[in-house]
Amino acid sequence: MYMSTQADKAQEFLALHRAGEPLLLPNPWDLGSAKLLASLGFKALATTSSGFAASLGRNDGSVTRDEALIHAAVIVAATDLPVSADLENAFAADPAGVAETIRLAIEVGLAGASIEDFTGRADDPIYPAKVAAERVAAAAEMAHSGQGHLVLTGRAENYLHGRPDLADTIARLQAYQEAGADVLYAPGLRDIADIRQVIREVDRPVNVLVFEGVPNVPELAGAGVSRISVGGAFAFTALGALASAATELLEQGTYGFRAASVAGRAAATRAFS
């Protein structure tokens, strides 16, 4: 039986990025959620740093590179679908460290990975533009140098860290495109006019993150978006349902959550069989 290689999955993943026909990219947080999402008909999966951290009882930004890569390997093994990974800022400040993270990402079988320009420091959250582009260039060289072609997503993090500067965000995305990124992503963008402007001014597929106030899928498709991801939203939806069910039991002594439980068990049984 033919087995897809990392290179095959990367090629398949990139081909799923079509402007106006956005790839709906859900973000599982563990093996079970990966299998369930794959069973529902999605074409690819992506890890979520915040969702995975929550599964460890931690907040986002607290996992190590080794932990993130082991987690990614678990998700890759859970499905035949292409898997991309949220590798935060590649767990390295220098370009050599960034390249090493991408090498390891290919080694565990990932079809794609993202690299942020977030420093991890609250006092100075965004790398200078030149440094950020150098980091993307190092990642792209590693992603595209071997027999595999890992699909590299360059992320401009301004809007998540108190810098809602559209002009700077576009300039950064253009620099990441020139540095070799295959997909571009500015999480936190919500206004459809801003999203359209980003798409007009770059020449790579654009990902939009599901966020409060973000237009719906048909509207984003009409704007030319190529990929829509949910980040940690599904993971925290599940945790929200858990908190609600537990609160009902503790405070009301009732079992209204049973209906959702029955539906969840049925979905899991189908996915895991």
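Colleague: How much space lies in the second largest cavity?

Modeller: The second largest cavity holds about 40 Å³. On a 1 Å grid over the protein atoms alone, a cavity is a set of points where a 1.4 Å probe fits but cannot get out; a pocket is an open set with protein on both sides within 12 Å along at least five of seven lines, and lining residues have an atom within 4 Å of a point. Points are joined across faces, edges and corners, and the volume is the space filled by probe spheres set on them.

Colleague: Before we continue, what is the model's origin, and how are residues numbered?

Modeller: The model is predicted, so local features need pLDDT of at least 70 and side-chain atom pairs pLDDT 80 or more, while totals for chains, interfaces and linings use all residues. Numbering starts from 1 along each chain as its sequence is written, and side-chain values use heavy atoms, without hydrogens and water.

Colleague: Back to that cavity. Which residues line it?

Modeller: The second largest cavity is lined by Leu173, Ala186, Leu189, Ile195, Val198, Val206, Asn207 and Val208. Helices (H or I, at least four residues) and strands (E, at least two) are DSSP runs, numbered from the N terminus.

Colleague: Which element gives the most there?

Modeller: That is β7, with three residues in the lining of the second largest cavity.

Colleague: And how does that lining divide by class?

Modeller: Seven of its residues are nonpolar, one is polar and none is charged. Nonpolar covers Ala, Val, Leu, Ile, Met, Phe, Trp, Tyr, Cys and Pro; Asp, Glu, Lys and Arg are charged, and the others, Gly among them, polar.

Colleague: How many cavities are there in total?

Modeller: Two cavities reach 30 Å³ or more.

Colleague: What is the phi of Ala90?

Modeller: The phi of Ala90 is near 70 degrees, which is again a positive value in a residue other than glycine. Ala90 is also placed in the loop between β3 and α5, and it is buried, with a relative accessible area of 1%.

Colleague: Changing topic: what is the volume of the largest pocket?

Modeller: The largest pocket has a volume of about 780 Å³. It is lined by 20 residues, and those closest to its centre are Leu36, Ala238, Ala241, Ala260 and Gly264. The elements giving two or more residues to its lining are α2 (31-39), α10 (233-251) and α11 (258-272). The most come from α11, with seven residues. By class, this lining has 13 nonpolar, five polar and two charged residues.

Colleague: And how much space lies in the second largest pocket?

Modeller: About 520 Å³. Its lining has 35 residues, with Ser49, Asp60, Asp86, Glu116 and Arg155 closest to the centre. At least two lining residues come from each of α3, β3, β4 (112-116), β5 (151-155), β7 and β8 (227-229). The lining divides into 12 nonpolar, 16 polar and seven charged residues.

Colleague: Where is Pro125 found?

Modeller: Pro125 is in the loop between β4 and α6 (129-145). It is buried, with a relative accessible area of 14%. Beyond its neighbours within four places in sequence, Pro125 contacts Asp117, Phe118, Thr119, Gly120 and His161, where contact means heavy atoms within 4.5 Å. Pro125 and Glu141 are 16 residues apart in sequence and 25 Å apart in space, C-alpha to C-alpha.

Colleague: Finally, how many helices and strands does the chain have?

Modeller: The chain has 11 helices and eight strands. Its C-alpha trace spans about 60 × 45 × 35 Å along the principal axes. Of its 273 residues, 48% are buried. Among contacts between residues at least 6 apart in sequence, 65% join residues at least 24 apart.

Notes:
Buried means under 20% relative accessible area, exposed over 50%, partly exposed in between (1.4 Å probe, protein chains only).
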